Amino acid sequence: MAERRTAAQAMVPEPVARLFTSPAFAWLWLVARVYLGYQWLEAGLHKVSDPAWMSGGTALKSFWERAVQVPAPPARPPITYDWYRDFLQFMLEREWYTWFAKLVAVGELAVGIALLLGAFTAIAAGAGAFMNLNFMLAGSASTNPVLFTLSVLVILAWRVAGYWGLDRALLRALGTPWEPGALVRRSWERWAGGIRPRPGQA
Amino acid sequence: MEGIGVLVWLAIGVAAGLAGAAALALARGTRAVTDPIWAVAAALLGSFAWSEWFGDYSRWGGQVGGLQVAPAVLGAAIVAGLYVAGRLLEEGKETAAQ
């Protein structure tokens with residue numbers, strides 16, 4: 001573990017590494033995180049209170065229909081990549097917008113709440129960035145490039161992005177897949193202790 | 001935010017940042033205020049964020065040149081305070097590790 005830390009630190013200059021890992025700079029990520037969370041929460045709240053998103057998914061249907069159109073040259077289609085157009089067409093033909101619209105609305109709301117609370121910040125920022133990426137691939141620029149860039153920066157600062165939030169406790173308790181936290185370690189030890197053969201047993 | 005609003009924002013940010021840097025020096029038990037740049041940057045960003053991004057939901061204290069004054073002061077104080085707290089926590093950890 002110590003070797004991995006040294007190698008990672010050696011890849012970036014010390015001041016940059018500090019910016020992304022030090023609690024002294026957690027305020028910067030708090031502001032970025034709250035801005036992102038606020039944007040997602042507003043977008044999500046608007047969608048969950050709109051029947052066009054929550055019953056029938058007609059809003060998403062029209063968005064997909066506009067996105068997959070290929071106009072006559074010299075006009076250019078909204079989607080650059082054929083594989084992404086085929087993907088949206090595939091979902092349109094199967095009427096997946098009926099449930100996918102709810103997933104988008106609730107997903108945006110959940111990402112917004114998690115970012116505002118600083119709970120599972122990097123995962124929430126990753127989910128947000130994934131949505132931004134899909135909106136951009138579908139030809140919608142809007143605020144997506146800025147939100148995507150901020151999300152990537154928040155993901156890079158995962159150690160301290162939620163320091164002034166719930167992650168300060170959650171990260172300590174749950175840890176990461178490569179370095180389990182106190183709660184996970186204790187649960188694992190209890191479980192492993194339970195299946196360990198008792199002295200005298202085969 | 002424009003004209004006088006920008007000037008007020010800068011004044012609030014610099015004042016809150018320098019106050020934060022002074023508080024940091026006081027908490028360290030020294031009189032010397034070293035490296036106030038980050039404290040000022042934190043205060044400026046906090047002030048800007050609350051006034052510009054979230055000002056729609058906190059229109060108290062009136063506005064000057066498009067700057068929501070009370071949210072700007074609160075944002076500067078909170079974020080500069082978090083900078084000071086973060087620095088002290090970090091230094092505490094380093095001391096404990098030694």
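Student: Which residues is B:Val79 in contact with, leaving aside its neighbours within four places in sequence?

Tutor: In this predicted model, B:Val79 is in contact with A:Trp27 and A:Val31 of chain A, and with B:Ala42, B:Ala43, B:Leu45 and B:Gly46 of chain B. Two residues are in contact if their C-beta atoms, placed from the backbone, lie within 7 Å.

Student: What numbering and confidence limits apply here?

Tutor: Residues are numbered from 1 along each chain as its sequence is written, and chains are lettered from A and ligands numbered from 1 in the order in which they are written. As the model is predicted, local features need pLDDT of at least 70 and side-chain atom pairs count only at pLDDT 80 or more, while totals for chains, interfaces and linings use all residues.

Student: Which residues have the most contacts inside the largest nonpolar core?

Tutor: They are A:Trp27, B:Ala39, B:Val79 and B:Tyr83, in a core of 55 residues. A nonpolar core is a set of buried Ala, Val, Leu, Ile, Met, Phe, Trp, Tyr and Cys residues joined through C-beta atoms within 7 Å. A residue is buried if 20 or more other C-beta atoms lie within 10 Å of its own, exposed if 12 or fewer, and partly exposed in between, with C-beta atoms placed from the backbone.

Student: Which element gives the largest share of this core?

Tutor: Helix 3 of chain B does, with 11 residues. Helices (H or I, at least four residues) and strands (E, at least two) are DSSP runs, numbered from the N terminus. A second, separate core has 11 residues, among them A:Ala67, A:Leu88, A:Tyr97 and A:Ala105.

Student: A:Ala67 belongs to which helix, and what else is buried there?

Tutor: A:Ala67 is in helix 5 (residues 58-68) of chain A, where A:Leu60, A:Trp64 and A:Val68 are buried as well. These buried residues fall within an arc of 90° seen down the helix axis, so they line one face of helix 5; the arc is that of the directions from the helix axis to the C-beta atoms. The face turned away from the buried side carries the exposed residues A:Ser62 and A:Arg66. The cover over the buried residues includes helix 4 (51-54), helix 6 (82-93) and helix 7 of chain A.

Student: Back to the two chains: how many residues of chain B are in contact with chain A?

Tutor: There are 13, and they meet 11 residues of chain A. Helix 3 of chain B supplies the largest share of chain B's side, 7 residues.

Student: Why is A:Leu30 classed as buried?

Tutor: A:Leu30 is buried because 26 other C-beta atoms lie within 10 Å. A:Leu30 lies in helix 3 (residues 26-48) of chain A and, leaving aside neighbours within four places in sequence, is in contact with A:Trp164 and B:Leu82.

Student: And what is the overall layout of chain B?

Tutor: Chain B has 3 helices and 2 strands, in the pattern α-α-β-β-α along the sequence. Its C-alpha trace spans about 50 × 25 × 15 Å along the principal axes, and 41% of its 98 residues count as buried.

Student: What do the buried residues of helix 1 of chain B pack against?

Tutor: They pack against helix 2, strand 1 (63-64), strand 2 (67-68) and helix 3 of chain B. Among those buried residues are B:Trp9, B:Ile12 and B:Leu24. After helix 1 of chain B comes B:Gly29, whose phi is positive, near 80°.
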